[in-house]
Amino acid sequence: LLIDSILKDRNKNKVKDEIVNKIKIRFQKIQGFPTKELRSIIDQGKKDLKEGIIIAYAIQEQKLGIAIGVTKELSKKISAVDLIKIGSSVLGGEGGGGRNDFAQAGGKKIEKIDESYKEILKKIRRKSIRNRVDPKSKKVMMINILDEAGIAPETCGMSWHKAKKTLNIKDPSFMGAFNNY
């Protein structure tokens, strides 16, 4: 009964849905919510989104928990365990664990929740971009390399040669790795 009232209170239960690289993402931060109940939040989020990633934080009596759920089909590309490790480390936590579709961890730095979420989003962006392949040549597209260099691929319409010059890439092993795709 208490849990239901917390979830209905918009001041305690903040939910934000967004789309990142065609992936639905739900960010949820719940004040006064038992961290052991995060699994139910993830399960409900998966039902609501049908396909996507749910990132939920619970804070109760200075205890901080984070849980991440990835829907079944998407969990073949993006692992909740990889994401939880990133989110937990920002929060001052020690790793965390779970499966590809669900992972959970704790943390100490409540003030770092927004930063934790941003770092997880960065990983999702990189992971989903890295999976793009040119359907004709079957080569990984240049945007992967630009992304790794911190250049927003969607804002960059340059050739590989121009990108190489812009990024000042001279390492032959890097060039060889690119050419081997």
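This is a predicted model: local features need pLDDT of at least 70, side-chain atom pairs count only at pLDDT 80 or more; totals for chains, interfaces and linings use all residues.

Because Asp43 and Arg39 are 4 residues apart in helix α2, about one helical turn separates them; helices here are DSSP runs of H or I with at least four residues, strands are runs of E with at least two, and both are numbered from the N terminus. The two residues form a salt bridge in which the closest N and O atoms are 3.4 Å apart, a salt bridge being a side-chain nitrogen of Lys or Arg within 4 Å of a carboxyl oxygen of Asp or Glu. Asp43 is partly exposed, with a relative accessible area of 31%, and Arg39 also counts as partly exposed at 31%, where buried means under 20% relative accessible area, exposed over 50%, and partly exposed in between (1.4 Å probe, protein chains only).

Residues are numbered from 1 along each chain as its sequence is written, and side-chain values use heavy atoms, with hydrogens and water left out. The protein averages a pLDDT of 79, and 69% of the residues score at least 70, pLDDT being the predictor's confidence in each residue on a scale from 0 to 100. Over residues 169-181 the pLDDT stays under 50, and for this stretch the model has 13 contacts beyond four places in sequence, a contact meaning heavy atoms within 4.5 Å.

Seen as a whole, the protein comprises 7 helices and 6 strands, which follow one another along the sequence in the pattern α-β-β-α-β-β-α-β-β-α-α-α-α. Of its 181 residues, 41% count as buried. Among contacts between residues at least 6 apart in sequence, 49% join residues at least 24 apart.

The 6 strands form an open sheet of mixed pairing, in the order β1-β2-β3-β4-β6-β5, where two strands pair if DSSP finds at least two bridges between them. β1 (13-20) and β5 (97-98) stand at the edges with a single partner strand each, so one side of each is left without a neighbour in the sheet. Helix α2 (residues 38-49), which carries the pair described at the outset, packs on this sheet and touches β1, β2, β3, β4 (63-70) and β6 (102-107), its direction making about 150° with that of β3. Such angles run from 0 to 180 degrees between N-to-C directions, with axes as lines fitted to C-alpha atoms, for helices over the stretch in contact. Helix α3 (residues 80-90) lies across β3, β4, β5 and β6, and runs at about 10° to β6.

Strands β1 and β2 pair in the antiparallel sense over 8 bridges, and Val15 stands opposite Gln28 in β2. Strand β2 (residues 23-31) also pairs with strand β3 (residues 53-60), in the parallel sense over 7 bridges, and the bridge partner of Ile25 in β3 is Ile53.

Most residues other than glycine have a negative phi. In the hairpin of β1 and β2, which has 2 residues between the strands, Asn21 takes a positive phi near 50°; Asn21 is partly exposed at 27% relative accessible area. Lys50, found in the loop between α2 and β3, has a phi near 70°, again a positive value in a residue other than glycine, and at 65% relative accessibility Lys50 counts as exposed.

Returning to the charged side chains, the count comes to 9 salt bridges. Asp17, Arg26 and Asp48 are linked in a network of them. Another salt bridge joins Asp101 and Arg99, with the closest N and O atoms 3.0 Å apart; Asp101 counts as partly exposed at 22% relative accessibility, as does Arg99 at 43%. In helix α4 (residues 113-130), Lys122 and Glu119 lie 3 residues apart, about one turn of the helix, and their side chains meet in a salt bridge (3.1 Å, N to O). Lys122 is partly exposed at 41% relative accessibility, and Glu119 is partly exposed at 25%.
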